[in-house]
Amino acid sequence: MPEGHTLHRLALDHQKALAGEVVRVSSPQGRFEDAAQLDGEVIEAVEAVGKHLFYRFESGAIVHVHLGLFGRFRKHRQPAPAPRGQVRLRLQTEQACFDLSGPTACELFDPHEYTTLRARLGPDLLHPDASRAEAWKRVKKSRRALGALLLDQSVMSGVGNVYRAEGLFAAGLHPEIRGVDLESRDFTRLWKVLVGMLHDGVRDRRIITVKHFDQAEGRAVRRQRTWVYKQRVCLRCGDAIRVWELGLRTMYACETCQRR
Ligand SMILES: [Zn+2]
């Protein structure tokens with residue numbers, strides 16, 4: 001599943017290509033029935049919040065997209081080829097064409113539906129005004145494991161399975177520490193690590209976390225992209241990585257480097 005950096009990268013790219021433009025909107029596959037009523041309108045802005053994308057039209061209409069596990073965008077230059085496969089949504093300007101296929105959600109929102117969804121989402125780590133204090137409040141009152149809380153988009157939004165494993169490792173925290181037992185300074189460290197990693201992800205267009213430890217442990221390490229995620233042994237200490245299910249996803253951690 002795409003993590004927050006992917007959505008913010010898409011929002012930046014789509015904002016650049018679509019904002020202020022008259023946009024042809026269609027649903028080649030036919031499943032987004034509201035496409036016709038948006039066709040020929042101007043898109044004002046494209047926004048990412050956590051793992052959600054919002055396209056605001058001048059009329060006040062908002063298109064909400066959630067990629068889920070299988071959703072993806074393809075970009076074409078004009079003249080764009082005929083839609084391939086099940087394209088739910090096609091957005092076109094004179095220069096560019098974006099095809100969306102396989103999303104979990106692609107739907108028309110009114111401002112009320114937008115506000116309701118926003119209220120459900122915790123602070124977005126990639127948003128410049130994201131409130132660490134607000135996220136901390138939600139973590140601190142929970143008896144759930146930190147590793148599960150990081151994936152709960154109502155606690156904070158943008159972290160997926162790779163960043164949760166890598167962020168907890170880089171902050172030296174065990175995934176099973178309960179929210180209530182976490183120290184404020186540990187949460188602050190974790191928050192900063194995650195914000196840094198997510199911003200790097202937007203810039204790099206992929207997840208490379210190993211450079212977050214510059215006391216580089218030799219050449220072998222630099223070829224790797226992650227410290228513990230999908231690794232067999234810890235790149236720092238060499239101990240075996242523990243792999244188990246936490247918060248319904250596979251967790252990876254080094255129990256030597258990450259204390260409880
Ligand atoms: Zn280790």
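Predicted model: local features only at pLDDT ≥ 70, side-chain atom pairs only at ≥ 80, totals over all residues.
Me: Which residues make the contact?
Reply: On the α1 side you'll find Gly 4, His 5, His 8 and Arg 9, and on the α7 side Leu 198, Gly 201 and Val 202.

Me: And what classes of residue does the contact of α1 with α7 have?
Reply: There are two nonpolar, four polar and one charged residues. Gly goes with the polar ones here.

Me: How do you know what span to expect for α1?
Reply: Take 1.5 Å times one less than the number of residues. α1 has 15 residues, for an expected 21 Å, and its 20 Å from first C-alpha to last is close to that.

Me: Which residues of α1 are buried?
Reply: Among them are Gly 4, His 5 and His 8, which also take part in the contact with α7. Buried here takes 20 or more other C-beta atoms within 10 Å.

Me: What makes Gly 85 count as buried or exposed?
Reply: Count its neighbours: there are 10 C-beta neighbours inside 10 Å. The cut-off for exposed is 12 or fewer, so Gly 85 counts as exposed. You'll find Gly 85 in the loop between β5 (72–77) and β6 (87–92).

Conventions. Residues numbered from 1 in each chain as written. Contact = placed C-beta atoms within 7 Å. Helix = DSSP H or I, 4+ residues; strand = E, 2+ residues; numbered from the N terminus.
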